[in-house]
Amino acid sequence: MNKKVAFYTLGCKLNFSETSTIARGFEKEEFERVDFSEEADVYVINTCSVTENADKRFKTIVKQAQKANPEAFVAAVGCYAQLKPEELAEVDGVDLVLGATEKFKITDYLNDLTKNDKGEVHSCEIADADFYVGSYAIGDRTRAFLKVQDGCDYKCTYCTIPLARGISRSDTLDNVLNNAREIASQDIKEIVLTGVNIGDYGKGEFGNKKHQHTFLDLVKALDTIDGIHRLRISSIEPNLLKNETIDFVAQSNSFVPHFHVPLQSGSDDILKKMRRRYLSNLYVDRVKRIKNAMPHACIGVDVIVGFPGETDEHFLETYHFLNELDISYLHVFTYSERDNTVAAEMGEVVPKKVRSKRSKMLRGLSAKKRRAFYESQLGTVRTVLFEGENKKGYIHGFTENYVKVKAPWDPELVNTLHQVELTDIDADGLVRFEFVSSEVTA
């Protein structure tokens, strides 16, 4: 009988794409993949270190694996495994910890699945993480996450990602296009481009800092691939989102009018302390440029509350800045101290209760913004891609501009595209619609 392997992924879309690549490596070694809640011989946990909660959740997930099979071999990979390998190795039940360069070779370390008294660590110096491993994830039948870039050369004072993932480096354009064709051949309708800093695409394409291609080149090349109905840009830094890219997306065949652009703070004082590479006026300019080119575009924003030195005045500056901006929703992060970052050594620590209150205020603003955006879309005709899960008798889907819709469950709709007219907003905040046309195939 084949040995069984199960995976658990914490963190970002990039982690999900890498878990899928690691899983395909196991399949080549004739492992059978099972759900994490089932009994397996090997459990692989792909870790994240962006927030405190991701660290804490790791121990809970290890316990979950041990409950399913106390004799199973448990391996930890990913960002937290690179940053704090010894800490993970000490967690009861963990047998193997692999850093940034080793995680894609995990099956090489599994000659013997006997449990260890303490986790065995194989972790490189992060300076050695200078080669690129391409990957993509097919989370369900409707969309895939395609990794195009890894690592980051920025030095934001709160961030551990450069320590966990190394320097900025990119997949070759040919390899990205081949992966995209492979995804398209599996009847997947949407590809989400992912990476740590995808606007930096091109850097490190040849294992050095030489640039042949840019992010705009990548976008233009992907737009020519047959069989992909939708391409979505995940998250892109405002200083790297160029006018030419916005203008191209506005008239492209496949790219959808949805941008996720990290802001982090609406206060220039705080942006400078964070060592971000722009000020608030550039951000306003990007939002206006998108909305002028695509008035119906959805714009999501990342924002951090409670950064060291953030006074009530700084926070209110951020709140009012966002309130007045023509954006669609927020991802709100409560600042948490990370070891080996400049911010962790700063004074003027914001009390956790204050951080929590500010976070709640911005989450409320996000709900208001999303509602206003959804209301602005009522009466318009959009194309919906329906997802594969029966959620309490309903099927959900997303329009090209990221409005979430619902309808009574119908398995025939799964992984299909339909033109609909958005009619009203339900009590749960999702949008109802009427069908305008049968399935869209072209």
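Thr142 sits in the loop between strand 7 (136-138) and strand 8 (143-147). Strands (E, at least two residues) and helices (H or I, at least four) are DSSP runs, numbered from the N terminus. The model is predicted: local features need pLDDT of at least 70, side-chain atom pairs count only at pLDDT 80 or more, and totals for chains, interfaces and linings use all residues. Residues are numbered from 1 along each chain as its sequence is written, and side-chain values use heavy atoms, leaving out hydrogens and water.

**Thr142**
- Thr142 is buried, with a relative accessible area of 1%; buried means under 20% (1.4 Å probe, protein chains only).
- Leaving aside residues up to four places away in sequence, Thr142 touches Ile188, Lys189, Glu190, Leu385, Phe386, Glu387, Gly388 and Asn415. Contact means heavy atoms within 4.5 Å.

**Nonpolar cores**
- The largest nonpolar core has 55 residues. Such a core is a set of buried Ala, Val, Leu, Ile, Met, Phe, Trp, Tyr and Cys residues joined through side-chain atoms within 4.5 Å.
- Leu146, Leu218, Leu222, Leu322 and Leu362 have the most contacts inside this core.
- A second, separate core of 22 residues includes Ala40, Ile45, Val74 and Leu88.

**Helices 6 and 7**
- Helix 6 (residues 173-184) packs against helix 7 (residues 215-222) at an angle of about 35°, with axes 11 Å apart. Axes are lines fitted to C-alpha atoms over the stretch in contact, and angles run from 0 to 180 degrees between N-to-C directions.
- Leu173, Val176, Leu177 and Ala180 in helix 6 meet Leu218, Ala221 and Leu222 in helix 7.
- Leu218 also touches Val148, Leu193 and Tyr201, among others.

Note on methods. Buried means under 20% relative accessible area, exposed over 50%, partly exposed in between (1.4 Å probe, protein chains only).
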